[in-house]
Amino acid sequence: MQHITKRSVLIKDYPFVSVTGIIVLSAFLCFYITLKTDTEILVATQQALFVILSAILFVFHESIIGFQSISKIRNKINKLTSSEVKNQIIGIIGMPDAEKDYEEFLTTIDKEMVRFKEDIRKFRRNSYILYVIFSLLGLLIILCSLIDSHSSIISNVNTQQPILFYIKIYLINFFLFAQLFLIPTWIISAFQAERQKSAMFQYLNAEQIAPNVKIYITSKRSKEINLSIDGQFAD
Amino acid sequence: MSLSVYERDVKEASRKNLDKRFPNSSIAHAKLLIQEIINNANEEIWLLSSNFNLSFYTSIKENIEKFLANPKHKLNVIVASNENSLLKELVKNYPNQFTIKQVRKDQLPKDKDSQEYVNYIVNDTNAYRYEYSEKDIEQGIVEAIANFNSPNEASYLKENFQSILNMAA
């Protein structure tokens, strides 16, 4: 089960790579593409993006990693301890005296469940942080759009446009691109969380889990004690 | 409270000295196995532990003291670190029965498969618990096996224990 509850999934856990990617791509695109910076259009765009992300975040959060999902996974794990499922799995693996070994195997799943819940907690926390960042970006865009760039005392000699004007345009574009990239990033992240959850459900089916139980029991029964002495192993 | 099948089987194997291998992945069951191995011993126990975890061994202190209450009984320990209040207390209270040898970490044995330092306990009725990986111990999962009557494996562990003592002398 560890292969499912692995700690780090690219994108889903918002590692440094994906965040840096968004920043670098946004910064790069600003040099080539200029978005409309009319204040009314910006405010309308912000509100639309905000509503879209809010809907995605709050509506799909619950279905992907909400209380019901956790509860269902916990119920599946609890069913593994029932006589019916236990006998079914022991019947499938066909090994003698396997009941005690099966019970010990279940203790590993219990621990992995703790790790999975921690993983989900982190995912939810990261999602809310994303939401806050998204909101802040929107606020910055609106604030930038409200700045009157023509009042700057620093002017560009050739175009008579203040330097602040170009900085303002660049920042607005940068924040908008960053927002636009954050939405698909969260969607990919959500799909990865959903895939992880589905893998958990699959794993906890009797037919799926039986081979893993067999591997566990076989590895424990065939384990040889082979120790080093002074850093050397006997041949 | 009814026992689980695992607990029932462990107690039965301990009582009847059965040659039956037990897998061990949970710390709760590790405690059960070690308690039974201590209770099951005739007169002598050998224990190798890299750090002699204070919290864990304090939880079985009663079993250790009950064993050492008989002046003929001995508990021999090899550790990499003896900066531990429980160890000091046992040495002080049972100076002739509780012997401790501190060695360097690199003098401790490693398991060939996991390449990790091991912990084990073995008694004079050929019962042992052999822990060969604790890489997931933060999640409460260990990799260990145990048996209450395996002469070959118990003998191997005792020889290993003596080799380390000889090396560190």
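Which residues does B:Asn82 touch, not counting residues up to four places away in sequence? The answer comes in the first view below.

This is a predicted model, in which local features need pLDDT of at least 70, side-chain atom pairs count only at pLDDT 80 or more, and totals for chains, interfaces and linings use all residues. Residues are numbered from 1 along each chain as its sequence is written, chains are lettered from A and ligands numbered from 1 in the order in which they are written, and side-chain values use heavy atoms, with hydrogens and water left out.

**View 1. B:Asn82 sits in a loop of chain B.**
The loop runs between strand E3 (74–79) and helix H5 (85–93) of chain B; helices (H or I, at least four residues) and strands (E, at least two) are DSSP runs, numbered from the N terminus. Setting aside residues up to four places away in sequence, B:Asn82 touches B:Leu87, B:Lys88, B:Ile100 and B:Gln102. Contact here means heavy atoms within 4.5 Å. With a relative accessible area of 23%, B:Asn82 is partly exposed. On this scale, buried means under 20% relative accessible area, exposed means over 50%, and partly exposed lies in between (1.4 Å probe, protein chains only). Now find B:Pro95: B:Asn82 and B:Pro95 are 13 residues apart in sequence and 15 Å apart in space, C-alpha to C-alpha.

Look for B:Phe52 in the loop between strand E2 (44–49) and helix H3 (54–58) of chain B. Is B:Phe52 buried or exposed? At 1% relative accessibility, B:Phe52 counts as buried. B:Asn126 belongs to the loop between strand E5 (119–123) and strand E6 (128–133) of chain B.

**View 2. Helices H1 and H2 of chain B cross at roughly 15 degrees.**
Two packed helices are described by the angle between their axes and the distance between the axes. The axes of H1(B), residues 5–16, and H2(B), residues 27–40, come within 10 Å. Axes are lines fitted to C-alpha atoms, for helices over the stretch in contact, and angles run from 0 to 180 degrees between N-to-C directions. The angle makes H1(B) roughly parallel to H2(B). Angles under 35 degrees count as roughly parallel, over 145 as roughly antiparallel, 65 to 115 as roughly perpendicular and the rest as oblique. The crossing of H1(B) and H2(B) is right-handed; a crossing is right-handed if the near helix is turned clockwise from the far one by less than a right angle, and left-handed if anticlockwise. From H1(B), the contact uses B:Tyr6, B:Glu7, B:Val10, B:Lys11 and B:Ser14, and from H2(B), B:His29, B:Leu32, B:Leu33, B:Glu36 and B:Asn40. By class, these are 4 nonpolar, 3 polar and 3 charged residues. Ala, Val, Leu, Ile, Met, Phe, Trp, Tyr, Cys and Pro count as nonpolar, Asp, Glu, Lys and Arg as charged, and the others, Gly among them, as polar.

**View 3. Helix H5 of chain A packs with helix H6 of chain A.**
H5(A) spans residues 99–146 and H6(A) residues 163–203; their axes are 10 Å apart, at an angle of about 165 degrees. H5(A) and H6(A) are therefore roughly antiparallel. Their crossing is left-handed, and the residues of the contact divide into 24 nonpolar, 6 polar and 3 charged.

**View 4. Helix H5 of chain A meets helix H1 of chain B.**
Here the axes come within 8 Å and cross at roughly 125 degrees, so H5(A) and H1(B) are oblique to each other. This crossing is left-handed. A:Glu99, A:Lys100, A:Glu103 and A:Glu104 of H5(A) make the contact with B:Val5, B:Tyr6 and B:Asp9 of H1(B). By class, the contact has 2 nonpolar, no polar and 5 charged residues.

**View 5. A:Ile217 is buried in chain A.**
A:Ile217 lies in helix H7 (residues 206–222) of chain A, and its relative accessible area is 0%. Leaving aside neighbours within four places in sequence, A:Ile217 is in contact with A:Ile93, A:Met95, A:Ala98, A:Asp101 and A:Tyr102. A:Ile93 is 124 residues away along the chain, yet the C-alpha atoms of A:Ile217 and A:Ile93 are separated by 9.7 Å.
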